[in-house]
Amino acid sequence: MNQNLYEILYKNFKSDLDRTCLEIPNYKKISFKDLDILSAHFASFLNNLGLKKGDRMICQIDKSLSAIGLYLGCLRTGIIYTPLNTSYTKNEVEYFINNIEPKLFVCRPESKDIIENICSLLDVPSFIAIGTKENDPVLNEILSTKPLNIFENCSDQDIAAILFTSGTTGKSKGAMITHGNLSSNALALREIWGFTSEDVLLHALPIFHVHGLFVALNTALLSASKIIFLEKFNIEDVVRNLSKSTVMMGVPTYYNRLVNEEEFKHESYNKMRLFISGSAPLTEKTFNEFKEKTNHSILERYGMTETGMITSNPLHGNRLEGTVGFPLPKVSIRAMKDGKILSNNEKGVIEVKGPNVFRGYWRMEEKTKEEFTEDGFFITGDIGQIDKNGRLTLSGRSSDMIISGGYNVYPKEIEIILNTIKGIRESAIIGVKHSDLGESPIAILVSESEDYKIPDKEIIEILNEKIAKYKIPKLFIWIDELPLNAMGKVQKKNLRIKYEKILL
Ligand code: MLC
Ligand code: AMP
């Protein structure tokens with residue numbers, strides 16, 4: 001049987017073709033039929049450009065109907081979809097192109113000149129720029145093609161998408177996510193979160209990461225639920241549209257902001273049945289304040305780019321603050337230490353196995369091998385404990401990764417750049433508490449000379465050229481020397497303890 005994810009989604013919404021699928025502010029309503037036809041136009045357009053199953057397409061575009069059309073068009077044709085965070089810089093984009101070797105790059109109109117230049121230098125055969133407006137000329141061109149109602153034959157092992165995740169070495173890795181990974185996860189989430197065609201999902205997340213793209217979109221489409229599709233998380237728009245919604249998904253920052261928003265009153269959530277949080281730890285404070293204000297217990301779940309969703313608190317039953325719940329159907333987890341499986345709440349590294357686990361890192365066989373155990377479990381790098389009922393509580397990460405507003409920041413990537421700046425002898429990036437974003441990176445620097453410290457502004461200018469804005473440290477602190485352990489390694493734990501509350 002064809003395991004093409006689009007065909008599976010289609011089979012599940014085809015009895016609702018005339019119902020509204022997408023409500024996008026300042027746009028006409030889009031029915032499931034409209035969406036199906038739109039994706040067939042995109043499939044045709046990709047096909048006319050000569051792309052075929054297994055070819056890669058990179059896009060760095062704003063959240064829009066076209067972005068969904070492109071995603072679904074790729075699924076239909078078996079073309080590998082590679083979305084990039086819109087804040088990535090030219091420098092970062094070049095790395096992704098070199099790594100992926102796409103046949104097509106789709107960018108925003110405002111970055112057309114820069115991307116066109118990179119594409120010609122790096123031999124990307126095709127390139128287009130597409131905007132968000134209903135009358136965008138490139139969208140119109142795509143809509144003028146003859147729709148291609150294709151469901152390319154795919155096995156559950158065929159790659160549907162490659163999503164980049166950074167690494168401890170500072171080098172991004174492309175996670176190869178298959179049609180089978182995505183369908184198994186969407187089917188499991190529909191079941192455990194009770195999604196139906198009666199639901200209205202408030203969608204304010206970006207769609208270049210797993211959370212907004214797969215968890216939210218795939219689950220809603222598979223359930224034939226309506227989606228209120230907002231361009232981004234803007235508190236006024238979210239509050240206004242929540243009154244028409246039944247489910248919302250978000251990172252903890254969204255819930256921090258809602259709790260502190262005066263206009264977020266009973267009328268704004270009286271139709272809501274479920275608030276879901278993930279991508280970063282939801283603090284007990286936010287969970288409890290939200291519960292006090294709304295009488296809703298936020299349902300926290302846990303996942304990763306490489307694995308999709310792994311565990312979730314229950315829809316029915318106790319949603320325990322500070323825990324991420326139980327493994328999804330068909331997913332196994334274990335906590336490991338020194339090669340032993342732990343039990344009864346002992347802390348170890350969490351490993352996961354199941355149909356949700358990705359195929360490996362694109363063109364990084366060695367790295368892939370390192371991150372799997374011999375018996376096929378993926379080593380997440382998250383530290384946690386599993387109680388006797390199977391409930392998981394996370395307590396940290398084995399790497400020093402920072403999660404800022406749901407985006408991952410890898411210290412190494414920033415330190416490598418800082419250490420090349422004249423005037424900086426050495427640097428350490430650490431994550432400290434941030435009341436809105438959860439955590440934020442700050443830089444601890446040692447100067448090359450005693451009497452001159454480069455102004456922050458100059459450092460930021462250099463960083464802005466090379467890395468996305470959300471990775472820029474919120475503070476630069478100069479000290480005489482970095483604390484080292486006996487092995488000569490920077491004791492980041494000590495720095496974290498010292499500066500933990502500096503941004504609060
Ligand atoms: C934006 N900015 C951030 C930021 N987002 N800075 C730090 N951390 C962030 N997360 C910066 C911008 O570059 C800009 O800088 C300034 O903040 C204002 O931009 P904005 O777009 O207006 O920001 P804001 O609306 O406040 O965005 C914050 C946010 C957004 C939390 C709403 O980042 C967001 O929607 N995050 C969701 C991330 C997500 O989807 N994660 C899922 C990963 S998947 P300047 O200098 O120009 O002012 C995953 C797996 C799983 O982890 O389990 O789900
Ligand atoms: P990413 O690389 O963007 O896929 O991020 C995945 C990481 O986000 C995981 O390895 C966890 O460290 C973190 N994460 C996701 N969900 C949660 C959660 N509910 N609580 C704590 N951390 C989470």
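My entries on the ligands and the strands follow.

**Ground rules.** I am working with a predicted model, in which local features need pLDDT of at least 70 and side-chain atom pairs count only at pLDDT 80 or more, while totals for chains, interfaces and linings use all residues. Residues are numbered from 1 along each chain as its sequence is written, chains are lettered from A and ligands numbered from 1 in the order in which they are written, and side-chain values use heavy atoms, with hydrogens and water left out.

**Ligand 1.** I began with the neighbours, counting a residue as near if one of its heavy atoms lies within 4 Å. There are 23 residues around ligand 1, and Lys232, Tyr254, Ser279, Arg301 and Ser404 come nearest. Next I checked polar contacts (pairs of N or O atoms within 3.5 Å). I found a side-chain N or O atom of Lys232 at 2.9 Å from a ligand 1 oxygen, and a polar side-chain atom of Tyr254 at 2.6 Å from an oxygen of ligand 1. Gly303 uses a polar backbone atom, 3.2 Å from a ligand 1 oxygen. On its own, ligand 1 has 1,000 Å² of accessible area, and the protein covers 72% of it; areas come from the Shrake-Rupley method with a 1.4 Å probe.

Helix H8 (210–222), helix H10 (252–259) and strand E13 (299–304) each supply at least two shell residues; helices (H or I, at least four residues) and strands (E, at least two) are DSSP runs, numbered from the N terminus.

**Ligand 2.** I counted 17 residues around ligand 2, with Glu300, Arg301, Thr305, Asp382 and Asn408 nearest. A backbone N or O atom of Arg301 sits 2.7 Å from a ligand 2 nitrogen, and a polar backbone atom of Thr305 is 2.6 Å from a ligand 2 oxygen. Ligand 2 taken alone exposes 500 Å², of which the protein buries 89%. E13 and strand E21 (392–397) each give two or more residues to this shell, and E13 gives the most, with five.

**Strands.** I then followed E18 (residues 348–353), which runs antiparallel to E16 (residues 332–337) through five bridges; strands pair if DSSP finds at least two bridges between them. Here Ser332 stands opposite Lys353. E18 also runs antiparallel to E20 (residues 378–386), joined by four bridges, and Val349 faces Ile383 there.

Terms used: A polar contact is a pair of N or O atoms within 3.5 Å; within protein, one must be able to donate a hydrogen and the other to accept it, and residues adjacent in sequence count only if both atoms are side-chain atoms.
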